[in-house]
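Student: I have a structure to study and would like to work through parts of it with some questions. Could you show it first?

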Amino acid sequence: MSTLLVKNIHTLVTMDAARREIRDGAVFVGDGVIEAVGALADMPAQTADRVLDCRRHIVLPGLVNTHHHMYQTLTRVIAQDLELFGWLKTLYPIWSRLTGEAVYVSAKLAMAELLRSGCTTSSDHLYIYPNDVTIDDEIRAAQEMGIRFHAARGSMSLGESKGGLPPDSVVEEEAAILRDTQRAIEQFHDASRHAMLRIVVAPCSPFSVTPDLMRESAALARSYGVHLHTHLAENDNDVTYSQTVFHKRPGDWAEDVGWVGDDVWHAHCVKLDEGEISLFARTGTGVCHCPGSNMRLASGIAPVRRMLDLQVRVGLGVDGAASNDAGHLLNEAREAMLLQRVGGNPAGLSAREALEMATLGGAAVLGRDDIGAVAPGMAADIVAFRLDTVGFAGALHDPAAALVFCQSPQVDLSIINGRIVVEDGALLTVDVPVLVEQHNRLSKRLIDGD
């Protein structure tokens, strides 16, 4: 059995049941699972294979990203001043030129960005499959990068000719979607505790698929015990579409097609009303809050405070790298905290609530009870940030709050499933300069239409 000891931790934010924050803490890991947490004297007597000294660090559970579109790293900073529908219509034709190579390389780039921000688990919603693109492309990327991954097999089936938003050139036939989704589940999904790879069933949105596909996808997912994910109530136009086409608000439409329950989470939910929030609370339906993207596209401020007060499960997501243009998950926690205060309540969201959304909240949304906390029996997904830096100066009296209030740092140490993936700030699983050069070459080709 391989063992690892992290000792002399300046501040250990456990996110355990008691929400302990331990000064001069320690964590012992055996074969990728946390065995002991507390003071150094509480650790097993055996000598660890590797010992890490974190006297200058704040340590916490790896962050959990619950919504992304990784291929969008190829098309950042386009349609800079448009809302969701106009932004999508601008980008659909560019994305129609995606290839399997582009999806693979962009996923690695997006994962590198997430890993450097302290993220250890990410979902990704890949909903466009032109040319030779498959979900396998980004699964291969995740396995090489060492990130814990929930691959959401997305889809679009309702083109413009049938009343949908996307052009017909980027949609798929529904029978083919369901076949390939089933293939992905059977080939890749790992339901075991501490699994590194799971599959999610994820038709894209109310304005890009049919109600029939939503219902059949839900039935497929539940027959295999996998989770469901889609976009919902992202902005006013999104709500108007649901009311015009379905004669229902988005939450009522979701309930009608079977998309509420503790195996479902929806991205954005900016425009949920009180009744829809209550529906989600009652049914255990999860929400991914994407503050950066919501601000970039002027979608609005999601009612996160109300969701939390009603005990809706809420996690964080960086969303697509072309609607956020960044993939720093810790910074997303900072934006979530600040955005809930904009309306005039300085206690609208606390720093620790934001951190909890980024860890335990994300784990709950993904349906996992084996990540999101530093506690015995949990997966050894642990990250550490250096405190002896300019950004933390003057804030060491409360390092946990400083992680959210102060300048968002890059991670110094990241351990995933007991494996060191980032050490001394360097990502160990990829040659970053080579990856960036390869990615930029593919990006230029995609945008130029070569």
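Predicted model: local features only at pLDDT ≥ 70, side-chain atom pairs only at ≥ 80, totals over all residues.

Student: How far apart are the end C-alpha atoms of helix H4?

Tutor: Helix H4 covers residues 174-188, which is 15 residues. At 1.5 Å a residue, H4 should span 21 Å. The model agrees with this, as the end C-alpha atoms of H4 are apart by 21 Å.

Student: Which helices and strands do the buried residues of H4 pack against?

Tutor: Start with the buried residues of H4, which are Ile177, Leu178, Asp180, Thr181, Ala184, Ile185 and Phe188. Their partners include two strands, S8 (148-155) and S9 (197-203). The other partners are helices, namely H3 (136-145) and H5 (211-224).

Student: Is His150 buried or exposed?

Tutor: His150 is found in strand S8. Leaving out residues up to four places away in sequence, His150 touches Thr121, Ser122, Ser123, Asp124, Arg198, Val200, Leu366 and Arg368. A residue is counted as buried under 20% relative accessible area. His150 has 3% relative accessibility, so His150 is buried.

Student: What term describes how H2 lies relative to H14?

Tutor: Helix H2 is residues 100-116 and helix H14 is residues 432-448. Their axes are 10 Å apart, and the packing angle is about 130°. That angle makes H2, relative to H14, oblique.

Student: How many residues of the contact of H2 with H14 are charged?

Tutor: On the H2 side, the contact has Glu101, Ala102, Val105, Ser106, Lys108, Leu109 and Ala112. On the H14 side it has Leu435, Val436, Gln438, His439, Leu442 and Arg445. By class, 7 of the contact residues are nonpolar and 3 are polar, and the number that are charged is 3.

Student: Which hand does the crossing of H11 and H12 have?

Tutor: Helix H11 (residues 329-339) and helix H12 (residues 351-365) have axes that come within 9 Å and cross at roughly 135°. That makes H11 oblique to H12. As for the hand, the crossing in which H11 passes H12 is right-handed.

Student: What class do the residues in the contact of H11 with H12 belong to?

Tutor: H11 brings Leu330, Ala333 and Met337 to the contact. H12 meets them with Ala351, Ala354, Leu355 and Ala358. The contact has no polar and no charged residues, and its 7 residues are nonpolar.

Key:
Residues numbered from 1 in each chain as written. Heavy atoms only, no water. Helix = DSSP H or I, 4+ residues; strand = E, 2+ residues; numbered from the N terminus. Expected span 1.5 Å × (residues − 1). Buried < 20%, exposed > 50% of the residue type's maximum accessible area, 1.4 Å probe, protein only. Contact = heavy atoms within 4.5 Å. Axes fitted to C-alpha atoms, helices over the stretch in contact; angles between N-to-C directions. Parallel < 35°, antiparallel > 145°, perpendicular 65-115°, else oblique. Nonpolar A, V, L, I, M, F, W, Y, C, P; charged D, E, K, R; others polar. Left-handed = near helix turned anticlockwise from the far one by under 90°.
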